[in-house]
Structure formats: C-alpha cells, structure tokens
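User: I've got a model loaded and want to talk through its contacts. Can you take me through it?

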Amino acid sequence: MSIEQRVGLGHDTHRLEEGRRLVLGGVAVEFERGLAGHSDADVLLHAITDALLGAAALGDIGELFPDTDPKYRGIDSTLLLEEVRQRVEALGYRIVNLDCTILAQRPKLSHYKPLIRSRLARLLAIPEEVVNVKAKTGERVGPIGREEAMSADAVVLLARTVHPPPHSTSGTSS
Ligand code: MG
C-alpha cells in the first residue's frame with residue numbers, strides 16, 4: 001500500500017463590468033462592479049476547479065462546462081466546483097491542502113479573506129486549516145492594476161491510497 005500524491009495548478013481571469021455582482025470564492029463582495037462571464041464569473045472558484053482537475057488529470061473547466069452551452073449561463077460556480085469535487089473523490093483522492101491568490105486592485109479584500117477561506121473549506125468539505133487565501137493588488141499596472149480585470153491562482157495537493165494489484169497465484173493454469 002502506498003500514498004500517491006498529485007499537485008494541480010489553476011489560473012483564471014475575468015473582466016470587470018458595470019452592472020454585475022462580484023462573487024469571489026462563493027462569497028458576495030461589495031463593489032461597484034462585478035466580473036463578466038458566461039457563469040457567475042467567480043474567478044477564484046474557477047481557478048480552484050481547474051487546480052482540482054489538473055491534479056486529477058481530468059482536463060480543464062472549459063472542456064467540462066463549455067461556455068457555449070446555455071445550461072451553464074449565469075450558473076453558480078459552486079455547483080461546478082461540487083461536480084468536480086465529486087469526480088475527484090470518485091477517483092479516491094482527498095484534498096491535502098489548497099492555497100490560492102486573488103489578484104484585484106480594489107476592493108480591499110482583507111476583511112473578506114477569512115470569510116472566503118471558511119466558505120472554501122465548507123464547499124470542499126475540508127478543514128479550514130488546510131485552506132489558505134491570499135490577496136494581492138496589481139500595483140496599479142497592467143489590467144489588474146488598472147481595474148480592468150481580476151485574476152486568481154490556485155494550487156491543490158491531492159492524495160490517495162494505492163493498493164498494489166493482488167499477487168497472481170503461481171502454478172495455476174487453466
Ligand atoms: Mg472563468
């Protein structure tokens with residue numbers, strides 16, 4: 001019996017737009033604009049979903065939930081994450097830890113980080129102690145710094161117990 005560990009990386013970017021609500025990590029964030037996208041455009045959940053898919057070698061979020069499919073229009077990204085969490089779990093993996101970074105010039109996210117952390121832990125059914133949420137500005141340069149977009153990065157470690165195949169019994173033949 002051995003433990004197999006797999007690391008996965010996720011990244012996402014969405015444009016900021018008037019008249020949209022801002023949702024980060026499944027938490028509604030007070031801001032005058034929101035992220036544009038086919039779904040609810042939760043940039044952080046998309047990065048985490050891709051990190052899980054990456055670790056399990058299951059492709060990417062766009063393959064699983066194409067933005068050309070009307071079924072996913074305006075969809076709550078927590079549902080996409082849950083679907084992927086179940087697929088990963090079905091392969092025998094558990095999440096060892098999750099680390100992520102939100103890149104947003106504004107609003108200030110220090111107050112939201114603990115809320116997002118606890119929401120992520122609940123969504124993924126893991127202890128808060130194995131979840132870390134960081135936030136950075138864009139230092140006022142580039143699309144993040146000019147408040148044109150937000151991005152998120154996520155890295156996740158999965159582990160599963162691997163049982164060796166049963167020994168073939170020698171000396172038997174049909
Ligand atoms: Mg996205």
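User: Before we go on, what are the ground rules?

Analyst: This is a predicted model, so local features need pLDDT of at least 70 and side-chain atom pairs count only at pLDDT 80 or more, while totals for chains, interfaces and linings use all residues. Residues are numbered from 1 along each chain as its sequence is written, and side-chain values use heavy atoms, with hydrogens and water left out.

User: Back to the rings. How many aromatic pairs does the structure hold?

Analyst: It holds 1 aromatic pair. F65 and Y72 form it, edge-to-face, at 5.3 Å centre to centre with 80° between the planes. Rings of Phe, Tyr and Trp (its six-membered ring) pair if their centres lie within 6.5 Å; planes under 30 degrees apart are stacked, over 60 edge-to-face, and the rest tilted.

User: Metal next. Which protein donors does the magnesium ion have?

Analyst: D12 (OD), H14 (NE2) and H46 (ND1), lying 2.1 to 2.2 Å from the ion. Along the chain the spacing is D-x1-H-x31-H. D12 lies in strand β1 (residues 2-18) and H46 in helix α1 (residues 43-55), so the pair ties together parts that are 34 residues apart in sequence. Donors are N, O and S atoms within 2.8 Å of the metal (3.2 Å for Na, K and Ca); water is not among the atoms, so the site may look incomplete.

User: Are D12 and H46 buried or exposed?

Analyst: D12 is buried, and so is H46.

User: How are you assigning helices and strands?

Analyst: They are DSSP runs, numbered from the N terminus: helices are H or I with at least four residues, strands are E with at least two.

User: What does β1 pair with?

Analyst: β1 pairs with strand β7 (residues 149-162), antiparallel, over 14 bridges. D12 has A152 as its bridge partner in β7. Strands pair if DSSP finds at least two bridges between them.

User: And how many bridges join β5 to β7?

Analyst: 9 bridges join strand β5 (residues 94-103) to β7, and the two run antiparallel. T101 has D153 as its bridge partner in β7.

User: Switching to charges. How many salt bridges turn up?

Analyst: A search of the whole structure finds 12. The criterion is a side-chain nitrogen of Lys or Arg within 4 Å of a carboxyl oxygen of Asp or Glu.

User: What joins R85 to E89?

Analyst: A salt bridge, 3.0 Å from N to O. R85 and E89 are 4 residues apart in helix α3 (residues 77-90), separated by about one helical turn. R85 is buried, with a relative accessible area of 15%, whereas E89 is partly exposed at 45%.

User: Which residue does R106 bridge to?

Analyst: E147, with the closest N and O atoms 3.0 Å apart. R106 sits in the loop between β5 and α4 (113-124) and E147 in the loop between α5 (142-145) and β7, so the pair ties together parts that are 41 residues apart in sequence. R106 is partly exposed at 33% relative accessible area; E147 is buried at 14%. E32, R33, R106 and E147 are linked in a network of salt bridges.

User: Now α1. How many of its residues are buried?

Analyst: 12 of its 13 residues, so α1 is mostly covered. Its end C-alpha atoms are 19 Å apart, which agrees with the 18 Å its 13 residues should span at 1.5 Å a residue. Expected span is 1.5 Å times one less than the number of residues. A57 follows α1, with a positive phi near 55°.

User: Which residues of α3 are buried?

Analyst: S77, T78, L80, L81, V84, R85 and V88. Seen down the axis of α3, they fall within an arc of 155°, so they line one face of the helix. That arc is taken from the directions from the helix axis to the C-beta atoms. The face turned away from the buried side carries the exposed residues L79 and A90.

User: Last one. Where is R73?

Analyst: In the loop between α2 (61-64) and α3. R73 is exposed, with a relative accessible area of 63%. R73 and V162 are 38 Å apart in space, C-alpha to C-alpha, and 89 residues apart in sequence.

Key: Buried < 20%, exposed > 50% of the residue type's maximum accessible area, 1.4 Å probe, protein only.
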